[in-house]
Amino acid sequence: MDELEQIAKADPAALRPHLRELLDRGLLWPSVLFAAADEETVQEVITRIDRGDERLGHLLLILSEVRSAPAAAAFRRWQDSPPPGMERLHIDALAYARQGGWDLRPDGTNHELYGPVAYELHMVDTPEADGEKAGAETEADGDLVCPWCASQIWTVVDLDTADPDVARALAHTGWSGRLRVTTCFLCTNYTTLFTDVTTDGGAVWSGCNERPDYLRTSAEEPPPMLPELGPIRASPRLASAWGEGGSTLGGAPDWIQDAEYPQCPCCAMTMDYVGLVGGADLGWGEGADYIFLHASCRIAAVTYQQS
């Protein structure tokens, strides 16, 4: 299945002729295999869900990978009238849609939570002498250190849509201008951390952050490196949270655990995915920091996952 998954991520349409056979054989995982499902396969999945198929969770995840009007209509219908067996699951129907990277908004529109293009992110050493680019906050920004653990604030990414490639990668977010996302490298291991951002590169610790009950408070130095934009990836699904070279701007997230799109703390809308920085690229060997943005509220977020 690993080989099939790699094919699906690189060229989803290559598996399209075989998807009905996979479905009939009960090979429903990973759901990304079905990302290029045709209308007939989508309708069969919807029918099985309506009939109360015992593998409801897997079928919902398959449907979440499909960007189609029938899939969206089915999810909205099930939100109001859940299919048989939904009571056994831990999240509602629309939450399954978000697992696939899209959201059904209150106005009836479908909103893509990640973009259709992705670029490699290459880590570049940033000497302390190059303070602004190294990730240190300026005095004007405040928040030189984390207010919880006193670690130096870490600049996760520093981008500008004046670069056409950055503009393409961030187009789905609606952001225009410089985007500098900062966080505490230590505390984001314990909770999602939010940053108030401005289009001139301003980034300050958000008052929306809520300190968790348990938190290690010894200061830790952030990685002395900053991502630079590399070549476009052949597919938007080729980010990797596991191996070196997997850090990516744009495209789809490679989740280590379940999909975890934060809600904007200002308006409760699901935040857009920006990219990931893998621990393997930072020299830590595991884990990944996932970056999100809600442009209209000018707030960014960083979450961390590990195996």
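In the predicted model, Gln305 is buried, with a relative accessible area of 1%. This residue belongs to strand β12, which spans residues 299-305. The Gln305 side chain takes part in a polar contact of 3.1 Å with the side chain of Glu260, and it also reaches the backbone nitrogen of Gln257 at 2.8 Å. Leaving aside residues up to four places away in sequence, Gln305 touches Trp255, Ile256, Gln257, Asp258, Glu260, Gly287, Ala288 and Tyr290.

Ile256, one of the residues touched by Gln305, lies in the loop between β9 (248-250) and β10 (272-278). The relative accessible area of Ile256 is 15%, and the residue counts as buried because the value falls under 20%. Beyond four places in sequence, the contacts of Ile256 are with Ala241, Trp242, Gly287, Ala288, Tyr290, Gln305, Gln306 and Ser307. Ala241 is 15 residues from Ile256 along the chain, and the C-alpha atoms of the two are separated by 6.7 Å.

Phi of Ala268 is near 75°, a positive value in a residue other than glycine. At 44% relative accessibility, Ala268 is partly exposed. A positive phi is likewise found at Ala150, where the angle is near 70°. Ala150 is placed in the loop between α7 (131-134) and β4 (154-160), and its relative accessible area of 47% makes it partly exposed. Most residues other than glycine have a negative phi, and most peptide bonds are trans. The peptide bond from Trp29 to Pro30 is cis, with omega near 0°. Pro30 is located in the loop between α2 and α3.

Gly115 sits between β2 (110-112) and β3 (118-125). Its contacts, not counting residues up to four places away in sequence, are His172, Pro236 and Gly251. The C-alpha atom of Gly115 is 7.0 Å from that of Leu170, a residue 55 places away along the chain.

Turning to the helices, 8 of the 9 residues of α4 are buried, so this helix is largely enclosed by the rest of the structure. The buried set consists of Leu56, Gly57, Leu59, Leu60, Leu61, Ile62, Leu63 and Ser64. These residues pack against α2 (19-24), α3 (39-50), α5, α6 (93-99) and β1 (102-104).

Two packed helices are described by the angle between their axes and the distance between the axes. For α4 (residues 56-64) and α5 (residues 69-80), the axes come within 10 Å and cross at roughly 135°. The arrangement of α4 relative to α5 is therefore oblique. The crossing of α4 past α5 is left-handed. On the α4 side the contact is formed by Leu60, Leu63 and Ser64, and on the α5 side by Ala71, Ala74, Phe75 and Trp78. By class, these residues comprise 6 nonpolar, 1 polar and no charged.

The pairing of α3 with α5 has an angle of about 15°, with the axes 10 Å apart. Because this angle is under 35 degrees, α3 counts as roughly parallel to α5. α3 also passes α5 in a left-handed crossing. Val42, Ile46, Ile49 and Asp50 of α3 meet Pro70, Ala71, Ala74, Arg77 and Trp78 of α5. The residues of this contact divide into 7 nonpolar, no polar and 2 charged. Ala71, Ala74 and Trp78 of α5 occur in the contact with α4 as well as in the contact with α3.

Helix α3 also contains Arg48, which is buried with a relative accessible area of 17%. The side chains of Arg48 and Asp24 are joined by a polar contact of 2.7 Å. Residues touched by Arg48, apart from those up to four places away in sequence, are Arg20, Leu23, Asp24, Asp53 and Leu59. Of these, Leu59 is one of the buried residues of α4.

Terms used: Residues are numbered from 1 along each chain as its sequence is written. This is a predicted model: local features need pLDDT of at least 70, side-chain atom pairs count only at pLDDT 80 or more; totals for chains, interfaces and linings use all residues. Side-chain values use heavy atoms; hydrogens and water are left out. Axes are lines fitted to C-alpha atoms, for helices over the stretch in contact, and angles run from 0 to 180 degrees between N-to-C directions. Helices (H or I, at least four residues) and strands (E, at least two) are DSSP runs, numbered from the N terminus. Angles under 35 degrees count as roughly parallel, over 145 as roughly antiparallel, 65 to 115 as roughly perpendicular and the rest as oblique. A crossing is left-handed if the near helix is turned anticlockwise from the far one by less than a right angle, and right-handed if clockwise. Contact means heavy atoms within 4.5 Å. Ala, Val, Leu, Ile, Met, Phe, Trp, Tyr, Cys and Pro count as nonpolar, Asp, Glu, Lys and Arg as charged, and the others, Gly among them, as polar. Buried means under 20% relative accessible area, exposed over 50%, partly exposed in between (1.4 Å probe, protein chains only). A polar contact is a pair of N or O atoms within 3.5 Å; within protein, one must be able to donate a hydrogen and the other to accept it, and residues adjacent in sequence count only if both atoms are side-chain atoms.
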